[in-house]
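Hello,

Here is the structure I promised to pass on to you. Have a look at it first, and then read my notes below.

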Amino acid sequence: MKHIYLTLALACASVPAFAATESLKSPDGRIEIRFSNDGEYPVYEVSVDGGQLIAPSRLGLDAAGWNYAVKGELSTTRNSHNETWHQPWGENKTCVDNYNEMAVTLPDGQLTLRFRAYNDGVALRYELNASADTLVITDEQTHFRFATDGESWAIPASFETYELEYRHLPIREVTDANTPFTFRTNEGVFGSIHEAALYDYPEMVIRRDSVTGDLKSDLAPLPDGVKAYVPGRFTTPWRSIQIGHSAVDLINSALILNLNEPSKIADTSWIRPQKYVGIWWGMHLGTQTWTMGPRHGATTENAVKYIDFAVANNLQGVLFEGWNEGWENWGGNQHFDYMKAYDDFDIDFIAGYARDRGIELWMHDETGGNIPEFEAVLDSAFAYYASLGVHTVKTGYAGGFKGGYFHHSQYGVRHYQKVVETAAKYNIMIDAHEPIKETGIRRTWPNMMTREGARGMEWNAWSEGNSADYLCTLPYVRLLSGPMDYTPGIFDINYERAKADPGRIEWNGPNGHCRIKTTLARQIANWVIIYSPLQMAADQIENYEGQEAFKFFRDFNADCDWSEALQGEIGKYIVVARRAGDRFFVGAGTNSEARAIELPLSFLNPGVEYMAEIYADVEAAPEKIAIERRKVTATDSLTIRMASAGGQAISFIPVEL
Ligand code: NOJ
Ligand code: CA
């Protein structure tokens with residue numbers, strides 16, 4: 001460890017003198033970016049309230065045989081923007097986009113660095129203007145030299161998966177991390193490094209650079225070691241740093257969306273948030289199978305039961321995994337048929353049954369990573385689903401990509417985008433599992449509804465599970481990038497039904513079949529905390545039948561209008577409020593520590609009386625829930641008491657006069 005500190009200290013000593021040539025301030029003047037091209041490389045620096053956050057750090061792109069001039073006269077343009085815009089769905093349907101911008105073109109005109117300063121962060125990107133038709137990108141030199149130390153929360157850098165545990169480390173000890181990379185400096189500045197508008201380019205992770213000691217961008221390579229092949233005129237994704245004065249400021253920021261372009265889909269009337277159930281959890285617990293056989297989950301009989309359940313419980317969608325042929329090959333040669341249902345799943349009848357009852361039938365396309373086969377039938381498969389009246393497809397990439405491509409490489413990014421754009425042609429919404437990370441493209445492609453991209457519920461079925469500490473970190477890291485299909489809401493938290501089934505398949509290993517690591521109330525609160533426009537009640541429907549607490553999900557509305565993270569500390573607790581129509585919902589969760597929080601209800605509409613239905617923990621009985629009803633108004637406060645690994649959910653429904 002001493003060795004690392006020594007290296008860092010030496011590296012810091014070799015920082016070139018910084019003579020800023022350009023400066024840009026946020027609209028409120030609190031954040032400043034300064035730029036210099038006085039030395040060998042372009043260099044930037046970021047300060048907040050006059051204190052340095054990012055010390056002078058190198059910028060640039062390396063491409064084979066490409067040189068651009070750095071020193072000399074810059075050509076700089078400036079611009080300011082202040083706009084209120086609306087989206088068809090989102091945590092907040094109305095967003096404000098207010099920034100100052102500076103585009104600095106280096107002397108020979110081949111590279112422009114575009115900077116934006118917002119009140120809630122900064123961003124920069126590279127605009128290439130080389131004469132070559134194609135540039136072979138070999139490295140990116142975006143450095144983040146933190147001026148001071150602090151704490152950080154992130155998953156390790158991996159070009160294959162985001163389904164990893166968080167590391168909570170001093171910034172100086174971070175060797176590598178994926179983004180969002182969330183931090184709190186010793187000066188009390190909260191922030192998160194991420195990227196926005198990732199198209200036709202590999203993902204960026206950050207890695208400690210052995211030469212400078214900085215955290216530096218590292219791009220997922222292609223199998224030949226090249227990072228990306230791009231046209232001579234090309235714009236990279238934004239490199240962003242969200243900045244806040246409290247932890248919840250980061251959640252309440254729309255920076256990532258603001259850095260994306262407006263919708264390219266003109267008519268978005270077919271894009272609708274949904275609550276859904278599905279044939280899913282039984283396979284993970286081993287009581288059902290994806291393959292056809294005596295325990296097959298996706299049968300016509302089960303489909304009818306699930307559709308009837310959706311109708312009776314104010315849900316809009318039903319997912320059936322294991323509906324199509326090919327699951328026998330999963331983990332082997334990864335060959336699925338995306339158009340042929342298993343014989344015991346009468347797809348025409350089921351599609352008609354769902355349509356007649358106003359329920360959205362979801363298709364599921366697991367690829368196992370066989371991209372060439374999936375892309376070959378993509379258009380015809382989506383056309384077929386559209387002909388059945390389907391508007392929602394869940395995709396999956398559980399398996400290595402054929403050809404040795406990383407999931408997060410330029411090849412992967414292109415594939416995920418192709419699926420989104422093909423789906424849009426057929427009025428289909430996408431829920432991607434094992435996806436590329438969200439970088440705000442949902443603004444431009446609002447049919448890209450939700451995705452996994454973190455350890456979801458499934459990890460509770462076949463690993464040591466997701467701890468309450470993990471769930472209190474998720475909102476401040478992964479969820480800053482956008483919605484997540486976590487698949488919350490397991491009611492049988494001790495897996496009693498699965499344990500009572502002697503024939504269940506023990507594919508889960510010794511750690512499976514233990515229990516969900518939170519209380520039941522927290523499972524309900526997660527429907528509010530973990531934002532997703534497609535929100536699942538993930539348990540088998542038998543476990544909801546006769547459960548009074550399921551009323552919360554019946555009352556819940558996934559079509560949110562407004563949201564605010566009200567209180568919280570990273571890794572410790574979180575309280576979120578959302579409004580959908582005239583109803584409000586609150587979700588609160590704590591880590592392994594029991595906690596009581598005072599919650600002023602000032603977010604409610606003034607002058608309206610609400611019936612608050614409170615779903616609370618029962619001390620020392622995680623599987624139990626206490627439900628209380630109370631009339632409240634915006635001038636009241638509630639005390640939220642949470643048990644260890646617990647939470648609380650509250651619905652506020654206006655009292656009819
Ligand atoms: C992993 C996905 O996250 C999960 O939701 C799905 O059930 C399996 N893959 C099978 O596709
Ligand atoms: Ca997964």
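Let's start with Arg 583, which is partly exposed because its relative accessibility is 28%. Please keep in mind that this is a predicted model.

The side chain of Arg 583 meets that of Asp 555 in a salt bridge, with 4.0 Å from N to O. This pair joins distant parts of the chain: Asp 555 sits in helix H13 and Arg 583 in strand E29 (residues 583-590), 28 residues apart. Asp 555 has a relative accessible area of 12%, so it is buried.

What brings such partners together? Side chains of opposite charge can pair when their charged atoms come close.

The count of salt bridges comes to 39. One of them is between Asp 561 and Lys 93, whose closest N and O atoms are 3.1 Å apart. Here the partners lie 468 residues apart, with Asp 561 in the loop between helix H13 (551-555) and strand E27 (562-569), and Lys 93 in the loop between strand E6 (75-86) and strand E7 (94-105). Another links Glu 593 and Arg 595 at 4.0 Å; Glu 593 is partly exposed at 46%, whereas Arg 595 is buried at 17%. There is also a network of salt bridges linking Glu 101, Arg 114, Arg 116, Arg 125 and Glu 127.

Now to the metal. Which residues coordinate the calcium ion (ligand 2)? Glu 163, Glu 434, Glu 452 and Glu 458 do, at 2.3 to 2.6 Å. The site is irregular, with angles of 52 to 156° among its six donor atoms. Both Glu 452 and Glu 458 are buried.

Enjoy exploring!

Key
Residues numbered from 1 in each chain as written. Chains lettered and ligands numbered in written order. Predicted model: local features only at pLDDT ≥ 70, side-chain atom pairs only at ≥ 80, totals over all residues. Heavy atoms only, no water. Donors = N, O, S within 2.8 Å, 3.2 Å for Na, K, Ca; no water. Tetrahedral: all angles 85-135°; square planar, octahedral: opposite > 155°, others 65-115°. Buried < 20%, exposed > 50% of the residue type's maximum accessible area, 1.4 Å probe, protein only. Helix = DSSP H or I, 4+ residues; strand = E, 2+ residues; numbered from the N terminus.
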